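Me: I would like to go through this model with you, one topic at a time. Please keep the answers plain.

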Amino acid sequence: MDNLGRVWLEIDLDAVTHNLKTIRRIAGKNSEIMAVVKANAYGHDAIEISRVVLESGATWLGVGALEEGIILRKAGIKAPILILGLTPEDGVDWLLFYDLVPTICDLQTVKALSQTAVKYKKNARVHIKIDTGMRRLGIKSEEALDFIKRIKKMNNIEIEGLYTHFAAADGEDKSYTKLQFAQYKRVVDELEKEGFRVPLKHAANSAAILDLPYTHLEMVRPGITIYGLFPLPFTKRTIKLKPVAKFKTKIIFIKKVGTGESIGYGRAYTTTKETLVATLPVGYADGYPRLLSDRGEVLVRGRRAPIIGRICMDLCMIDVTNIPGVEVNDEVVLWGRQEGENISVEEIAEKTGTINYEIICMVDKSRVSKVFIKNGKLFKVKSLIEDTVPD
């Protein structure tokens with residue numbers, strides 16, 4: 001076994017560069033780009049992806065939680081980082097120490113941040129989130145003006161950004177998104193009438209970047225499109241994105257099974273003919289969905305092979321009867337392109353009744369190695385096992 005281990009994610013950093021530059025073109029020259037790299041860059045490795053997007057035109061990074069921001073800082077990334085989730089009061093010291101920008105929508109946290117900033121003789125930058133219809137996080141739009149006035153009176157707090165998040169920008173009907181944006185603009189107009197001007201206003205996620213250019217403002221926040229995938233189901237596909245990841249494994253065992261024999265747990269599949277069964281060392285613990293049991297396919301030697309029986313925690317079985325010359329150690333593509341055939345993340349999402357976001361985020365980084373391609377060749381391997389055999 002080489003140092004890749006059982007299963008690995010192959011990540012094309014050139015595709016990330018292509019996608020970011022494509023987003024740069026449609027976002028317009030007046031909008032900064034905040035690349036959303038939360039959830040370990042949607043499963044693609046936040047550190048490596050952050051470096052590439054910053055090289056390719058992004059000026060900000062967006063993460064979901066304080067811990068994610070700290071990981072990037074410890075990796076030496078110096079770009080501004082916005083925490084899109086909420087940071088508890090006991091995390092304000094870390095915000096200031098690592099120069100991270102919090103999302104704010106409650107006064108108690110701002111008070112704690114102000115007190116800590118005064119203690120350290122620092123200014124704390126914040127972005128205020130306005131709830132215009134997502135009903136998840138944020139100050140109600142009708143309460144925003146009073147909220148901001150109270151924050152303006154606090155010491156060492158700099159209101160750098162004001163943003164909202166769209167609930168249905170990827171839908172066919174854009175009317176709710178238009179209502180949300182109108183609410184947000186009313187807040188901005190009210191603030192400016194009172195003499196408050198916030199430097200960075202942002203609202204557009206991937207879907208709005210593609211479909212609603214009037215929402216781009218001073219900054220846009222692409223997420224899924226960075227990774228070569230489109231928001232579903234109704235966003236326009238007028239740009240060319242390149243899928244970034246291929247999920248791969250190898251055949252570890254092959255056996256012939258006679259007619260009428262059951263395969264795997266629960267005897268869920270029974271052969272109808274003599275069948276050549278290959279075993280793969282990948283399962284739902286690696287992020288390969290169990291719902292693909294008896295309905296998914298993989299690629300072997302550029303041809304589709306059906307999954308037979310139930311996907312196990314660590315293993316699954318495929319039918320390779322119709323693939324000539326198949327051997328142990330043949331590379332298997334779980335999603336991505338192999339030779340002339342392709343299994344897309346969207347295909348897997350449709351078969352499992354979910355969305356492409358969930359599929360790519362499920363890949364378990366504690367069990368899956370990563371291989372990075374840059375400038376068309378191998379750039380880096382992050383393996384789960386040592387490069388050499390121990391003494």
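Me: Does Tyr98 count as buried or exposed?
Reply: This is a predicted model. In it, Tyr98 has 14% relative accessibility, and because the limit for buried is under 20%, Tyr98 counts as buried.

Me: And Phe97, buried or exposed?
Reply: Phe97 counts as exposed, because its relative accessibility is 60% and the limit for exposed is over 50%.

Me: How many aromatic pairs are there?
Reply: The count comes to eight aromatic pairs. One of them is formed by Phe97 and Tyr98, whose ring centres are 4.9 Å apart with the planes at 80°, so this pair is edge-to-face.

Me: Why is 80° edge-to-face?
Reply: The label applies because planes over 60 degrees apart count as edge-to-face, and the planes of Phe97 and Tyr98 stand at 80°.

Me: Which residues do ring pairs link into a cluster?
Reply: The cluster consists of Phe166, Phe181, Tyr184 and Tyr214, linked by ring pairs.

Me: Let us step back. How many helices and strands are in the protein?
Reply: The protein has eleven helices and 22 strands. Its C-alpha trace spans about 80 × 55 × 40 Å along the principal axes.

Me: What percentage of the residues count as buried?
Reply: Of the 391 residues, 52% count as buried. As for contacts between residues at least 6 apart in sequence, 66% of them join residues at least 24 apart.

Me: Which residues have the most contacts inside the largest nonpolar core?
Reply: They are Leu162, Phe247, Tyr288, Val298 and Trp335, in a core of 116 residues. Helix H1 supplies the largest share of this core, with six residues. Apart from it lies another core of five residues, including Val257, Ile263, Val277 and Ile308.

Me: What is Phe247 in contact with, leaving aside its neighbours within four places in sequence?
Reply: Its partners are Val7, Trp8, Leu9, Val282, Asp286, Tyr288, Val332, Val333, Leu334, Trp335, Val363 and Val368. Two of those, Tyr288 and Trp335, are also among the residues with the most contacts inside the largest core.

Me: Asp286 is in that set. Where is Asp286 found?
Reply: Asp286 is in the loop between strand E15, residues 275-280, and strand E16. Asp286 counts as buried, because its relative accessibility is 0%.

Me: Which side chain does it meet in a polar contact?
Reply: The side chain of Asp286 makes a polar contact of 2.8 Å with that of Arg367. Beyond its neighbours within four places in sequence, Asp286 is in contact with Arg6, Val7, Phe247, Pro281, Met313, Met362, Val363, Asp364, Arg367 and Val368.

Me: Which other residue lies in the loop between E15 and E16?
Reply: Asp294 lies in that loop. Its phi is near 60°, a positive value in a residue other than glycine. Asp294 counts as partly exposed, because its relative accessibility is 34%.

Me: On to E16. How many bridges join it to E17?
Reply: Four bridges join E16, residues 297-300, to E17, residues 303-308, and the two strands run antiparallel.

Me: What does Val300 stand opposite?
Reply: Val300 stands opposite Val332 in E19. Strand E19 covers residues 331-338, and two bridges join it to E16 in an antiparallel arrangement.

Me: Last topic, H1. What span should its residues have?
Reply: Helix H1 has 15 residues, residues 13-27, and at 1.5 Å a residue they should span 21 Å. The end C-alpha atoms are 21 Å apart, which agrees.

Me: Which residues of H1 are buried?
Reply: They are Leu13, Ala15, Val16, Asn19, Leu20, Thr22, Ile23 and Ala27.

Me: And what is found at the start of H1?
Reply: There, a side-chain oxygen of Asp12 reaches to within 3.0 Å of the backbone nitrogen of Asp14. Just after H1, Gly28 takes a positive phi of about 90°.

Methods: Residues are numbered from 1 along each chain as its sequence is written. This is a predicted model: local features need pLDDT of at least 70, side-chain atom pairs count only at pLDDT 80 or more; totals for chains, interfaces and linings use all residues. Side-chain values use heavy atoms; hydrogens and water are left out. Two strands pair if DSSP finds at least two bridges between them. Buried means under 20% relative accessible area, exposed over 50%, partly exposed in between (1.4 Å probe, protein chains only). A polar contact is a pair of N or O atoms within 3.5 Å; within protein, one must be able to donate a hydrogen and the other to accept it, and residues adjacent in sequence count only if both atoms are side-chain atoms. Contact means heavy atoms within 4.5 Å. The expected span of a helix is 1.5 Å times one less than its number of residues. A nonpolar core is a set of buried Ala, Val, Leu, Ile, Met, Phe, Trp, Tyr and Cys residues joined through side-chain atoms within 4.5 Å. Rings of Phe, Tyr and Trp (its six-membered ring) pair if their centres lie within 6.5 Å; planes under 30 degrees apart count as stacked, over 60 as edge-to-face and the rest as tilted.
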